[in-house]
Amino acid sequence: MRHTFTICVFIAAGAFSSMVNANPFTTCPSKAFLFQGSPVAAYGLNLATGTYTVLQADSGIAGNINAVGFNDIDRYMYGYNSSLKTIVQINNNFQATALNISGLPENITFYVGDAYNNHYYLYRNGAGLYKIDLSPLASNIDADLTAVLITTSTPASLTDFAFHPFNNHLYGVDNKSGTLYEFDIDNGQSRTLGDTGVTGTFGAAYFDVDGYLYIARNNDGFIYRIDLGAVEIAELEGPTATLFANGPTSSQNDGARCAKAPIIDDSEPATIDFGDAPASYGTLLQDNGARHELDGTTYLGFNPPLGKYNGPDNSNFEDSDDDGVGFVTAFETGLDSAIQVIASSSGYLNVWFDWNQDGDFEDEGEQLIHEQPLTTGSNTLIVRIPENATPGQTWSRFRFSQQPILAATGGSTTGEVEDYPVEITDTPLSYSYYPSSNGWTTIAFEDNWPQTADYDMNDVVFALRYTTVVNTLSNNVERIDIRGKLLAMGGSYNSGFAIHLPSINASSINNSTVQMRINDIPTQSPLELGRTQAIFIINDHLNEAVTPVCGFYRTQQNCDQSISFNFDLSIPLSEEISADAMPAAPFDPFIFATPNYYHGSAFSQAPGRSYEVHLADHPPTEAFDTNFWGLQEDTSSAEEGRYYRTQNNLPWAMEISGSWQWPKERVDLLQAYPGFAEFVTSSGQEKTNWYAIDEGNTQEIFMH
């Protein structure tokens with residue numbers, strides 16, 4: 001929570017200095033300070049990670065405090081109070097005392113300021129740049145201070161600026177243009193240093209002892225870092241602002257920091273976890289390396305990580321405290337690998353691999369896992385190694401946090417980063433597609449089996465595409481990928497959809513690395529358990545998987561809608577099966593009755609999983625109840641190898657190799673496509689193009 005405690009101070013500002021502890025800061029603190037709200041609350045901000053805490057809930061003075069700066073001479077902070085229209089001194093208890101000031105324009109509020117070398121500077125676009133000598137306060141807090149106008153030339157629209165620790169210049173970023181400005185405090189002259197690439201209300205600006213400028217954006221809390229050294233060396237490249245950490249958001253925000261302090265104070269116990277990969281991957285703080293504030297509850301493995309000051313914990317990776325990731329299977333190009341991740345709590349995982357071994361995680365496709373939710377304990381993840389990954393040793397990065405969105409570098413307020421070397425081996429693969437690499441085959445079902453009923457052949461319609469991956473050295477099949485999309489569902493019965501791989505046993509499937517995504521969301525392996533055959537249940541209740549805009553899904557004219565059910569299934573094989581012995585695509589797609597739902601008068605009770613409808617002359621799976629053969633219009637005969645046909649050879653399921661427009665709801669297939677009757681009676685010798693749109697009655701066909 002932002003406010004964890006409240007301290008109320010009921011003291012008049014003028015009497016404040018004699019009644020409370022008004023001590024300065026004892027050291028030059030590494031923390032940055034933010035002042036927000038009214039009454040003003042003071043926050044301590046770790047710029048390295050974005051972690052912040054409430055240091056004082058009420059600074060004891062009415063109104064906002066803006067234009068805050070840290071004076072490293074007397075070690076007080078100074079700011080501008082919007083209610084009293086005066087400057088204030090802020091002590092180490094973050095309590096504010098109003099000061100006596102003259103020389104500032106009346107009825108003008110200042111939002112931009114900083115302190116340097118015992119002077120306090122105020123700036124406002126259109127009002128001018130002012131300097132105030134703070135030395136009289138050393139002997140008398142009630143001393144009269146005078147503001148001196150340096151210049152009225154104020155070209156930049158700023159909400160804060162900061163002093164460089166060593167070159168006596170002020171720097172700030174224009175909110176509207178993102179331009180970085182440098183100001184000479186002797187004459188107020190300014191020069192532009194280029195476009196930072198970011199815009200917004202940057203209510204707080206800071207420097208560190210290494211000359212890096214930090215700007216915090218109010219609306220999202222993003223903290224950006226700008227390398228001033230790079231600007232001076234190569235002005236043509238521009239002063240690029242790099243996202244450094246995520247801090248607190250606020251509509252009103254101002255900050256101060258001792259510019260001569262490092263970002264991380266190595267005199268205190270280490271509270272940040274860094275990565276272990278080589279520096280080029282973004283590991284050290286100066287390279288905006290990946291880093292996490294230790295919160296004691298969010299980490300990888302069984303033990304909390306040890307804090308580090310900057311970068312790898314030691315030079316020997318085997319001795320690091322990283323214990324949260326286990327690589328279960330080898331990393332082979334083009335194939336899938338299982339990774340076990342141990343999480344101390346729920347949170348989010350982001351993972352990168354340097355596939356091309358160029359020393360960074362910045363190339364397309366190198367973030368392999370995005371915002372993956374983890375549960376407490378063991379989590380198994382399946383990743384696919386790109387076919388073009390460079391064989392040999394490379395690096396991976398695992399970042400676990402309560403923040404879902406993280407880059408490969410930058411700070412995080414919680415969690416842990418673990419870097420691991422991985423070995424990639426080259427596997428020569430070939431790919432074959434059905435019906436083609438970018439085409440689809442259409443599978444249509446009538447769910448009234450063993451009756452023909454309305455025979456509109458639109459009760460379940462899927463488009464499918466198959467990819468078979470073969471090891472060219474062994475000629476064995478490594479993997480089968482199946483993509484599908486539900487095109488239509490006009491059935492009133494409740495149905496599920498599955499795919500069976502004929503002649504392949506479930507034991508031949510490497511179920512630990514089977515992957516399926518429904519609408520791009522990972523789900524558990526769909527391999528049907530307890531079966532000898534390799535059967536994959538894509539969905540057991542399609543009626544709940546889609547929401548029709550009318551009574552049915554994409555079968556009624558003027559009731560078209562976007563496709564809302566897609567799946568991607570990847571099936572790796574664990575046994576050596578020759579490509580020559582593989583069944584032919586489209587294998588054996590089928591529908592079955594959703595358990596516990598009525599499915600027609602032919603059945604005395606809900607048939608459930610024992611009811612199946614397959615393509616013509618495809619035998620059912622072991623789950624089918626053979627007592628259903630011969631019911632009503634069915635003429636199936638296992639002895640003859642005849643399945644799912646009527647006396648007139650009409651099938652209850654069929655494949656059209658290509659795109660196809662199905663009949664409208666309750667329109668008989670023979671009415672929509674008259675040529676289908678001749679195609680069936682001729683055993684497929686005549687009217688082979690019966691399914692073409694120009695062969696049908698378009699007024700009876702669902703058009704989309």
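Me: What share of the 704 residues of the protein chain counts as buried?

Reply: That share is 55%. Here buried means under 20% relative accessible area, exposed means over 50%, and partly exposed is in between, with a 1.4 Å probe and protein chains only. Keep in mind that this is a predicted model, where local features need pLDDT of at least 70, side-chain atom pairs count only at pLDDT 80 or more, and totals for chains, interfaces and linings use all residues. Residues are numbered from 1 along each chain as its sequence is written, and side-chain values use heavy atoms, with hydrogens and water left out.

Me: How do you know that Cys28 and Cys258 form a disulfide?

Reply: Their sulfur atoms are 1.6 Å apart. A disulfide is a pair of cysteine sulfur atoms within 2.5 Å, so 1.6 Å passes the test. The rule gives two disulfides in total.

Me: What makes the disulfide of Cys28 and Cys258 left-handed?

Reply: The torsion about its S-S bond is about -90 degrees, so it gets that label. The pair links distant parts of the chain, 230 residues apart. Cys28 is in the segment before strand 1 (32–36), while Cys258 is in the loop between strand 21 (254–256) and strand 22 (272–274). Strands here are DSSP runs of E with at least two residues, helices are runs of H or I with at least four, and both are numbered from the N terminus.

Me: Why is Cys258 called buried, and what is Cys28 called?

Reply: Cys258 has 1% relative accessibility, so it falls under the buried cut-off. Cys28 has 34%, so it lands in the in-between class, partly exposed.

Me: Why is strand 40 called mostly covered?

Reply: Six of the seven residues in strand 40 (residues 533–539) are buried.

Me: How does the radius of gyration of the protein chain compare with that of a compact globule?

Reply: The chain has 35 Å, whereas a compact globule of 704 residues would have near 27 Å. The radius is taken over C-alpha atoms, and the globule rule is 2.2 Å times the number of residues to the power 0.38. The C-alpha atoms fill a box of roughly 110 × 55 × 50 Å along the principal axes.

Me: What makes the phi of Ala67 worth a look?

Reply: Phi is near 55 degrees, a positive value in a residue other than glycine. Most residues other than glycine have a negative phi, and most peptide bonds are trans. Ala67 is in strand 4 (residues 65–71) and is buried, with a relative accessible area of 0%. Asp617 also has a positive phi, about 70 degrees, but Asp617 is partly exposed at 32%.

Me: Which residues are joined by cis peptide bonds, and what is omega?

Reply: Tyr434 and Pro435 are joined by one, with omega about -5 degrees. The bond from Ala585 to Pro586 is also cis, with omega near 15 degrees. Pro435 is in the loop between strand 33 (429–434) and strand 34 (441–445), and Pro586 is in the loop between strand 41 (566–572) and strand 42 (588–593).
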